[in-house]
Amino acid sequence: MKATIYDIAREAGVSIATVSKVINGKGKISEERRREIIEIMDRLHYQPSVIASALTGKHTYTFGLLIPDISNPFFAEVARAVEDRAHQLGYSVIICSTDNKDDRVERYIGLLKQKSVDGIIMGTGIERVDMAAELSGSMPVVAIGREWSSVPVHTVVADDYQGGRAAASHLLGLGHRRCAVLSESMTIISSRERVQGYRQALEEADIPLHNDHIRICKFTIEDGRRNTALLLADENRPTALFCCNDLLAVGALQAAREAGVRVPEQLSIVSFDNTILAAVTDPPLTSVAQPMEQLGAMAVNLLVKELEEKPSDKQRIVLQTELIVRESTAGWRS
């Protein structure tokens, strides 16, 4: 027989009303007590009626998470962090991979609305302003790892600008003067901020970043490999390369190996994200670490706060990055 709310209350030694408050995210209940009741619900496989909740206008305790590609380690780790925090608070998460395509975003949003999710965490871009405005007006939305310039929503991001500066400062400190960068599209605010921080630190040291040393790439290992190969074929090839994500850096390592360029002796590489990839490459990558666990947890916290308190002001939380030095960077003497 399926467990009932009465079974949960009896097992936890609390009233049915207290269990109901935990299920509905209401009331002043300690975090420890709330977690204990949720653990009992998990152990007894108790499932509140989501359909009934939706029909009565109550919470369904379900969030949607839209990300570009679940196979990308960065988004996979963020998705896990979102799931972990949501589960702690009694919510489930539906994960959708969009490939950054508006038509897929639109279809997934429609699907999530049919399922009466309580809110959506957006880790993917939306180019259509009308779609973004309609979504933010219909349910709580939190942007994670991305900025929405056209529509006000809660936002959780890493300090991309400072991360770019840290990458440049590290390379400058090692004596590098011919520096290049692999970036995603400059229409993505996070990419633009990383490149701007990198460029600014170089300019302050009177080191120019030539336009032909800024390569715009697709979000793939192969495009990182292809663009790095072009840079290495230049007679004035760079001695240092900043890659705006780990996938591009893996591609850069492949291109260097194919060209017979030794890393870090002949080419130093700094990546961004610090996913599991950064630690398992050969050599391991020096990387600007994003606090992925905090990004996911903060996004869920903002979404739950929006549901419970409905604050009028939208929050923008910026989390600090950290440079993790490994074996892909070394000193350079011109």
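Buried here means under 20% relative accessible area and exposed means over 50%, with partly exposed in between (1.4 Å probe, protein chains only). The model is a predicted one, so local features need pLDDT of at least 70 and side-chain atom pairs count only at pLDDT 80 or more, while totals for chains, interfaces and linings use all residues. Residues are numbered from 1 along each chain as its sequence is written, and side-chain values use heavy atoms, with hydrogens and water left out.

On to the charged pairs. A search of the whole structure turns up 15 salt bridges, each being a side-chain nitrogen of Lys or Arg within 4 Å of a carboxyl oxygen of Asp or Glu. One of them links Arg 10 to Asp 7, with the closest N and O atoms 2.7 Å apart. Both residues belong to helix H1 (residues 5-12), where a spacing of three residues puts about one helical turn between them. Helices (H or I, at least four residues) and strands (E, at least two) are DSSP runs, numbered from the N terminus. Arg 10 is exposed at 59% relative accessible area, whereas Asp 7 is partly exposed at 22%.

Arg 225 has two partners to report. With Glu 222 it makes a salt bridge at 2.7 Å, N to O, and again the two sit three residues apart, this time in helix H10 (residues 221-232), about one helical turn from each other. Arg 225 is partly exposed, with a relative accessible area of 21%, and Glu 222 is also partly exposed, at 43%. The other salt bridge of Arg 225 goes to Glu 258, with 3.1 Å between the closest N and O atoms. Glu 258 lies in helix H11 (residues 246-258) and Arg 225 in H10, so this contact ties together parts that are 33 residues apart in sequence. Glu 258 itself is exposed, at 57%. Through shared partners, Glu 222, Arg 225 and Glu 258 end up in one salt-bridge network.

Leu 241 has Ile 269 in S9 as its bridge partner. The chain gets from S8 to S9 through H11 in a right-handed β-α-β crossover, in other words, with the strands pointing away from the viewer, the path from the first strand over the helix to the second runs clockwise.

S9 also pairs with strand S10 (residues 286-289), in the parallel sense and over four bridges. There, Val 270 is partnered by Thr 286 in S10. Six of the six residues of S9 (residues 268-273) are buried, so this strand is largely enclosed by the rest of the structure.

Key:
Two strands pair if DSSP finds at least two bridges between them.
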